[in-house]
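Try each task yourself before you read its solution.

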Amino acid sequence: MNLAGIAVKNTRRNLFRTVLTVTGVAVAMLAFLLLRTVLSSWTAGVEYSAKDRIATRHKVTFVMWLPRRYVDDIRALDGVKAASWFNWFGAHLPGKEDQFFANIATDPKSFFDIYDEIVVPEDQKQHWLQDRRGAIVGSVLAHQFGWKVGDKVTLEGSIYPGLWEFNIDGIYTATRKSVDQSTFFFDWNYLNESARDSAKEQVGWIITKVPNPAQAAGLVKRIDQLFDNRDIQTLTMSERALNTSFLGMISTMLTAMSMVSVVILLIMMLILGNTIAMGVRERTHEYGVLRAIGFMPKHVSAFVLGEATFIGLFGGCVGVGIAYPLINQGVGRFMEENFTGMFPYFRVAGSDVAIALGLSLLLALVAAAIPAYQASKLHVTDALRRVG
Amino acid sequence: MSDASTTPTSTAANTAANTAVKSGGAAAATLIRLSQVGKTYYRGKEAVEVLKNLDLEMPDGAFEALMGPSGSGKSTLLNLIAGLDNVTSGSIQISGVDLSRMSEGERAKWRSQNVGFIFQTYNLMPVLTAAENVELPLLLTSLPSAERKKRALTALRVVGLEERASHRPDQLSGGQQQRVAIARAIVTDPKIIVADEPTGDLDRASADQILELLVKLNKELGKTIVMVTHDPAAAERASIVRRLDKGQLT
């Protein structure tokens, strides 16, 4: 028997209350982890951005186009390993406007030089390279709509009006979990040939790959300098900055969710603090007895803090124990399959688990600090006089 | 039973009383000496003088009962002797150590080594077994775990409850719980045992067993016992009975 053991045993004294408190902490931790996972998943594109890729767009706004010839100009610069281009197509399945998925025109020949983490079986890849109306789709998107290689799909354009027919030539997967597997990529030439005149030979953004990430910053400057005196100037940035700018549109929501997660933790702390304070009040006489037989104020504090620490950590562990399988095996799969554009990889991060457990411990100590202080300051004869 | 009530504040009378123990043996050395002890509490701005210039000597190995009406100051006196509280004026010396000069921390350490406590309501920790409750004061020592357990079992054997070592308080009768509390009080082998109404919550038969045990601790183990009680039958077991009223010995 030791002091820590007694503190743990004390949690059994009012088992019902302890169970309720542990449940409260566990639910708070579950909610916290769920929110953290939403945030992590949303920002995964930023977190896992390639350091050897840079993005170039119109200097004014993302929705304005760049001339296609800029790609060749960039390719001609020293230190460029590869460059490819993309156009946001913004189409949807006819009659299914509410079922959003990203559809993007690109150059199949240079696409895989840029995105080597995207994997397509070689025969499907060769087929796509030959098929002007070909498209490759992410495995999650294919699963969502039941598409197979060889299927014909019609999309209804909004930026590029009309009905557009495509052949599903391949289904891609990714070597990195953070890569969105619900995008529809098709040949830019098909778009370019069929687009109205004002939209011909125009690209949305250019992605450039450098051999060495250390060269990226220098190249960013050189690309923008290259187009400084042209009609259309560019804004070049790291892939991370580009992804961050996309997130900027939902930054308010992300901030709100972060605040909610903080509020959840504060509620957890109050629940825990209330339980500990009630326990201290009920045991004032007992603390008086302990002080009488020679225990010091620091021992009384240790009992209170030890009990709070145990409840907080135990509740945190229960919360993590529920959250891990629930999110990784249940909610996560559902989110990835149904909202993959927003949540390409919806799994509990190890760092979030560590944060959750760390906060369980820290908040338990904070919640118990005042009751522990008050208990330690009790005068022994006053404490002995108090009943229950 | 020799009732050794004394003249208020008279050291000589107290000394005489101390020598008039029931055993009638030779005078024992003074263990506890109170000199002009006063204790005042404050209720807001109002001062309440609980003890007034009290002089008292208790011999080593005595079994003393403190009696008196509620509010007479007997529990306050017990708390001062046990080092739970400090005097407002005067001094308390126990084995030559002046408690009134000690800090709260020093008194706590002194208590853990010199005083065993027995309370009216036993005050055992409900989540601990009898053996663990008895072992509790030993956690403040540097004894290894095995030695602590051994001593706790020895103390339980003294009070006749060794076979109940693994029982929790709610599995014991009131009398048994008080015996566990007595085992907890003696496990550190203190010189003094203070008992505040130790039979107040017990039926007559259990109370008699507890009192027998206290007499045994006094006679066989030489413990000095100071007991506050309202029960004349309990006081009868003591070798000296002192009565307090309005903060003074009568």
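**Exercise 1. Find out how many residues of helix 12 of chain A are buried, and list them.**

Step 1. Keep in mind that this is a predicted model. A residue counts as buried when its relative accessible area is under 20%.

Step 2. Go along the helix and count: 9 of its 9 residues are buried, so helix 12 of chain A is mostly covered by the rule that buried means under 20%.

Step 3. Write down the names. The list runs Thr284(A), His285(A), Glu286(A), Tyr287(A), Gly288(A), Val289(A), Leu290(A), Arg291(A) and Ala292(A).

Step 4. Look just past the helix. Gly294(A) follows helix 12 of chain A and has a positive phi, near 120°.

**Exercise 2. Describe the contact between chain A and chain B: which residues, how much area, and which salt bridge involves Arg291(A)?**

Step 1. Start with the number of residues. Chain A brings 22 residues to the contact, and chain B brings 25 residues.

Step 2. Turn to the area. About 2200 Å² is buried between the two chains, and carbon and sulfur atoms give 67% of this. On the side of chain A, the residues that lose the most area to chain B are Met1(A), Lys9(A) and Ile293(A), which together make up 30% of what that side buries.

Step 3. Search for charged pairs. The rule finds 2 salt bridges across the interface of chain A and chain B. One of them joins the side chains of Arg291(A) and Glu104(B), at 2.7 Å from N to O. A salt bridge needs such a pair of atoms within 4 Å, so the distance of 2.7 Å passes the test.

Step 4. Ask which helices take part. In chain A, helix 1 (3-10), helix 12 (284-292) and helix 15 (380-385) each supply at least two residues of the side that touches chain B. Helix 12 of chain A gives the most, with 6 residues.

Step 5. Sort that side of chain A by class: there are 11 nonpolar, 7 polar and 4 charged residues.

**Exercise 3. Work out why the buried residues of helix 1 of chain A are on the same side.**

Step 1. Name them: Ile6(A), Ala7(A), Lys9(A) and Asn10(A) are buried in helix 1 of chain A.

Step 2. Check their directions. These residues are on the same side of helix 1 of chain A because they cover an arc of only 165° around the axis.

Step 3. Inspect the start of the helix too. There, a side-chain oxygen of Asn2(A) comes to within 3.3 Å of the backbone nitrogen of Ala4(A).

**Exercise 4. Decide whether Ser261(A) and Gln36(B) are buried or partly exposed.**

Step 1. Locate Ser261(A) in helix 11 (residues 251-282) of chain A. Its relative accessible area is 5%, so Ser261(A) is buried.

Step 2. Look at its surroundings. A polar atom of the Ser261(A) side chain lies 2.6 Å from the backbone oxygen of Ser258(A). Neighbours within four places in sequence aside, Ser261(A) is in contact with Phe32(A) and Leu35(A).

Step 3. Now find Gln36(B) in strand 1 (residues 30-43) of chain B. With a relative accessible area of 40%, Gln36(B) is partly exposed.

Step 4. List some partners. Not counting residues up to four places away in sequence, Gln36(B) touches several residues, including Asn53(B), Leu54(B) and Ser89(B).

Conventions
Residues numbered from 1 in each chain as written. Chains lettered and ligands numbered in written order. Predicted model: local features only at pLDDT ≥ 70, side-chain atom pairs only at ≥ 80, totals over all residues. Heavy atoms only, no water. Contact = heavy atoms within 4.5 Å. Buried area = accessible area lost by both parts, 1.4 Å probe. Helix = DSSP H or I, 4+ residues; strand = E, 2+ residues; numbered from the N terminus. Nonpolar A, V, L, I, M, F, W, Y, C, P; charged D, E, K, R; others polar. Buried < 20%, exposed > 50% of the residue type's maximum accessible area, 1.4 Å probe, protein only. Arc of directions from axis to C-beta. Polar contact = N/O pair within 3.5 Å; in protein donor to acceptor, adjacent residues only side chain to side chain.
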